[in-house]
Amino acid sequence: MRIEAGDARVHIDSVNGGRIASLRVAGHELLVSPEDVDGDPTLWGCYPMVPWAGRVRDGRFTFGGTTHQLPLGAPPHALHGVGYRNPWEVTGPGSLRLDLDGLWPFGGTVTQDVTLTPTALRLVMTVTAVDRAMPVVAGWHPCFRRRLAAGDPAEIDVGATAMWERDATGIPTGRQGPVPPGPWDDAFAGADQPTVTWPGALAVTLRSSCPVWVVYDQDPRLVCVEPQTDAPDAFNRQPVVLDPGEALALSLDLAWSPPGEGRPAAGTRRP
């Protein structure tokens, strides 16, 4: 499915996880392509993370008195849910749906709506419990190219007030502290409209209803700035729980402009 607005073009890949496979602005491809990362489904495009986002320790959690085992997408942990690994149904222009029944223990449904204007991309996801209560953590995983066809390598301005402490296995401990220098594979709190800037080419400002941002920039090929409704491993803390018929809605906006015209640089910055 392709959508165009002005000099912006989006390709939605419903088969490969309902993801934004391509976002081209003013001739620049902003997102990593599968051939750039040997087809690794966790490292290309911009995909929905649902019904959990980030890692779940050992892929195991207890809900309603029962211990559940999730598939280990990043052994020894579960990773990023099941949405990005399964085909979605196209239900209309820019609209997709995924039935979670059979993909994890609690069923449920997910919808995603994509809207493009000449200056921004808007994503809206709604997760709904059907006949069983279910925990949920959701978000998106944009994988931006480290370099565009022009300009300098990407710089990240997180603008966070704190970072979640993580243990040696990459799982948040529940405590927060000051933001250290990168590179990062970490969750941040208090971030206000993170930006990714390719000096001399383009800047993208991200806005989301999600309170947590995860930044991954340890791979020299890409930078990922991921909004999530909670930090990784929330299933083993106090996750949001949807009762039957209840829904959780979240949004992500990516707005682009020439460098220097977006939010002024402030906060924690990583070249």
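Here, "buried" means under 20% relative accessible area, "exposed" means over 50%, and "partly exposed" is what falls in between. With that in hand, R9 comes out as partly exposed, because its relative accessible area is 49%. Keep in mind that this is a predicted model. The chain averages a pLDDT of 94, and 96% of the residues score at least 70. As for the fold, there are 26 strands and zero helices.

**Overall build**

- The chain has 271 residues and a radius of gyration of 18 Å, which agrees with the value near 18 Å that a compact globule would have.
- Buried residues account for 55% of the 271 residues.
- Of the contacts with a separation of 6 or more, 67% are between residues 24 or more positions apart.
- The chain exposes about 10900 Å², and carbon and sulfur atoms supply 50% of that.
- One stretch to treat with care is residues 263-268, where pLDDT stays under 50. For that stretch the model has 19 contacts beyond four places in sequence.

**Nonpolar cores**

- In soluble globular proteins, nonpolar side chains tend to be buried together.
- The largest nonpolar core here has 80 residues, and I20, L23, L121, F144 and W198 touch the most other members.
- Strand β25 (residues 247-257) gives the most to this core, with five residues.
- Apart from it lies another core of seven residues, including W164, A187, V212 and V214.
- Looking past its neighbours within four places in sequence, L23 is in contact with R9, V10, H28, E29, L30, L31, L121, L254 and W256.

**A closer look at V110**

- V110 sits in strand β12, and it is buried because its relative accessible area is 0%.
- Not counting residues up to four places away in sequence, V110 touches V50, W88, L96, R97, L98, L100, M125, T126 and V127.

**Salt bridges**

- Side chains of opposite charge can pair when their charged atoms come close.
- The count for this chain comes to eleven salt bridges.
- E4 and R9 meet through their side chains in one of them, at 3.9 Å from N to O. E4 counts as exposed because its relative accessibility is 56%, while R9 is partly exposed at 49%.
- R55 pairs with D185, with the closest N and O atoms 2.9 Å apart. This pair links distant parts of the chain: R55 is in strand β6 (residues 55-56) and D185 is in strand β19 (residues 185-189), 130 residues apart.
- Within that pair, R55 is partly exposed at 21% relative accessibility, whereas D185 is buried at 16%.
- R132 and D101 form another salt bridge, with the closest N and O atoms 3.3 Å apart. R132 is in the loop between β13 (120-128) and β14 (134-136), and D101 is in the loop between β11 (95-99) and β12 (109-117), so the pair ties together parts that are 31 residues apart in sequence.
- R132 is partly exposed at 31% relative accessibility, and D101 is exposed at 51%. Salt bridges that share partners join D101, D131 and R132 into one network.

- The peptide bond from P75 to P76 is cis, with omega near 15°. P76 is in the loop between β8 (66-69) and β9 (78-79).
- Another cis peptide bond joins G182 and P183, where omega is about 5°. P183 is in the loop between β18 (172-177) and β19.
- A26 is not a glycine, yet it has a positive phi of about 50°. You'll find A26 in the loop between β3 (19-25) and β4 (28-29), partly exposed at 45% relative accessible area.
- Q193 is not a glycine either, and it has a positive phi of about 55°. Q193 lies in the loop between β19 and β20 (195-198), and it is partly exposed at 27%.

Note on methods
Residues are numbered from 1 along each chain as its sequence is written. Side-chain values use heavy atoms; hydrogens and water are left out. pLDDT is the predictor's confidence in each residue, from 0 to 100. Contact means heavy atoms within 4.5 Å. A nonpolar core is a set of buried Ala, Val, Leu, Ile, Met, Phe, Trp, Tyr and Cys residues joined through side-chain atoms within 4.5 Å. Buried means under 20% relative accessible area, exposed over 50%, partly exposed in between (1.4 Å probe, protein chains only). Helices (H or I, at least four residues) and strands (E, at least two) are DSSP runs, numbered from the N terminus. A salt bridge is a side-chain nitrogen of Lys or Arg within 4 Å of a carboxyl oxygen of Asp or Glu. The radius of gyration is taken over C-alpha atoms; the globule rule is 2.2 Å times the number of residues to the power 0.38. Accessible areas come from the Shrake-Rupley method with a 1.4 Å probe; for residues, only the protein chains shown count as cover.
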